[in-house]
Amino acid sequence: MTLIKRGILLSLGILLSLHLHAQKADDKPFFLYDKADQKIPASMLDNPLFYDAGVASAKEGLWLAWLELQPGKGDLLWIGLRSPDGKWLNKIQLSPKPGDYANPIPIIDAQGQLWITYEFAVTNGDWNIFAQSQNKDGTFSAPVRVSPGIGADINHRVAAHPQGGIWFVWQSDRKGQFDILARHLTSTEMSEPMVVSQSSFGDWQPSLTIATNGDVYVAWDSYDSKSYNVLARALHGKEWGNIVTLADGPAFQAHAQIASDKNGKIWALWEEDGENWGSTYRARMPGDKGSTKIGDKVGPLHRFRRLRIAELDSQSLAITRTLELPMPSLDAAAKRPDAPAEVKFTGAFYEGGQLIVDHQGHLWVTYRHFYTPWVGVVPEHHKQDSWFLYARCLVNEGWSKLYTFDIGQGDGLQRFSVIPNQTGIAAVWTTGRTDRRKTDKPHGIALASIKLDSESPLIPNAFAKNVNQSRGVPVRPLPRLARPITELAGKNYELFYGDLHRHTDISLCFAPSDGTIDDAYRYAIDAAPLDFLGITDHTHDLAMGDPLSLIWWRSRKEVNRHQLQNTFVPFYSYERSRADTDHNVISLRDDMLRPHTYPLTQFWGQIDTNTFTIAHQPFNRLLWNYHDDIHRPLVELYQGFRNDAKEDAAREGLLRGHKFGIIASSDHLSTSASYACVWSADGSREGIFRAMQSRRTYGTTARILLKVFAGDHWMGESFTAKTMPPVCIEAEGTAPIAKVQIFVDGDLKKDLLGNGAEGKFVYEPDASLTGSHIFYVRLEQSDGNRAWSSPLWVDIKP
């Protein structure tokens, strides 16, 4: 690294007066944090396998609800009352046996009734929401199922109604699409479920508040075929109002929060990232020599995040005032010397924001934060450090001092729960990270409280002088396109687009930029959109491949929570990285995580036909020394991250006798630039999996349709024939097709010129051809996008 660039990074710390608690090399800070005015000590619960906690405040102390992983068995669901001095006054295991649980929330209603709500998987893909109330003898009632129907009902939130009972909102799979539902539950009755959202695309992660007059307010984010927008809706009495847009336009705007105070004020918060979120992006271009291109408007799923806060009219939900939360790292990022013109805010992150109104009526804002000044400026990777957690309070129209905690978080999907208590706010959160590095940082559940010690603002005038009511240009949601259907040999097949190599911030490599598991599923379900996804975080970073670890349990749980009926299938998957053989592992089984520390052939010996591997490019030349066409049915020919197709290396493998199908994948950062395409007669998880094992696949850099067959035989098949039938190609491009190239035994035999974006092409092999031969196709469009078919292996015996 040049002295100039090193000086850039060091000077940023001086410029911001940031707290340099950072991973360092050669005195170079990789992670910077805003300096807090007060650090709050947190305490840890006594088991590192505790996680996913919720909290409620009572006169005697705090009610906590949390999960405990029983390795190899599942989650136990706990609830307990903890005194201010840290002693357990009550502690109950609610789950009769281990299972799949998520998001437990304790809540006390207006009559003082304690409830616990949670999500539980009846089967792997059928997550439901349940509630239990505490009986007079301290035990809990039988579970009441709140969510109707089948599919994933997840990300629920609850609020107490002043006239009794609790309201629920949640994200529900309704016929293959996430919608927002609501329902009211009391000790004697439950309302019918209400559909709050109305989008034809995905609606995500609702938030809920109830005003003192009983009006119910819901906020969520919704995809519109171009970006995520923030929406809100109110229930006044028994009448739902219109859906109101709080934020739209080309930027990513999501993770909405909503809160109300005792004076009837309604507050909303959301986070914002750059434009073109999830659109076509390749991290590297030819000649970049390993550097990655990341900017504010074009880049990966996690470029920067800022928080927006607004006060809403309680009737119309119109924005009446906006708050300006101090986010000094965004200002510092914009002043980086020598940053490329397209890099302004990239690398500065304020996210996971929550709004809480305490018992004195003060509005609190909590969030997580770090700043990585090198992202987008200097080509660094394999750098990661903790998220710091922060809080500020709105006092007398200004901001209080900045609070932080002495324990942070390890990844972006760890839960952070905050509630008002008797003197301010109380927080409970999951902490710890299990990547390839050794660490002495704590793992488990942390908790702490903050007491506001001054009514005088440290930063006056928190409200913006002008309210920007601009909503951008509304985008009319487009209907989701039907899957292409074709027929061969009397059987119907559908085309499924997917990605089998995608990383998140669980992997160390590009942790600040790859985004969370939530980002990955949002991208796959809405922005791409894909029909299937395999998140392939490194075994190094999944507790070194321990299938009983908490990090793997959390990861495989999210696979089940994001399966959508008939529209989206996630796979159990990971990357098994070794210097000699780097492969992605795709499985129908959730218990097949294994270490990378022993040879590939030994691993192949451990797996059955419900698991297979995919060769990860770039390929090591030792790759072809290991031969197993059953356990390696596919190779990744093209990769969006490196923007490179390893055709020569794949050709070598074919000529050395390996039989594999072709796909393209993302790897890190890249979006909507590479697809694994599968023709399958069955759209279930197993159906797509078996079609991939049959090599009925192709890889492409755009959503190109490609069908290659010979007689009654699909690409990917091996067959015997007396004479070689014509090789038939059917294609629909995203741009005019420039040419279709036919390769025989690795050699280019024919260029067939295109005429428009669609076409049918036929290659007639030499009639005298005999023996064993390999046929495959490459398609090129006028815009440079390409597609590669899986081969046909034909033994011609006249």
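Arg-522 has 0% relative accessibility, so the residue counts as buried (buried means under 20% relative accessible area, exposed over 50%, partly exposed in between, with a 1.4 Å probe and protein chains only). The model is predicted, so local features need pLDDT of at least 70 and side-chain atom pairs count only at pLDDT 80 or more, while totals for chains, interfaces and linings use all residues. Residues are numbered from 1 along each chain as its sequence is written, and side-chain values use heavy atoms, leaving out hydrogens and water.

**Exercise 1.** Find the side chain with which the side chain of Arg-522 makes a polar contact.

*Solution.* 
- Start with helix α4 (residues 517-527), where Arg-522 is found; helices are DSSP runs of H or I with at least four residues, and strands are E runs of at least two, numbered from the N terminus.
- Now look for the partner: it's the side chain of Asp-221, at 2.7 Å. A polar contact is a pair of N or O atoms within 3.5 Å; within protein, one must be able to donate a hydrogen and the other to accept it, and residues adjacent in sequence count only if both atoms are side-chain atoms.

**Exercise 2.** Work out the strand order of the open sheet and which strands stand at its edges.

*Solution.* 
- The order is β5-β6-β7-β8, with antiparallel pairing (strands pair if DSSP finds at least two bridges between them).
- β5 (50-58) and β8 (88-93) each have a single partner strand, so they stand at the edges.
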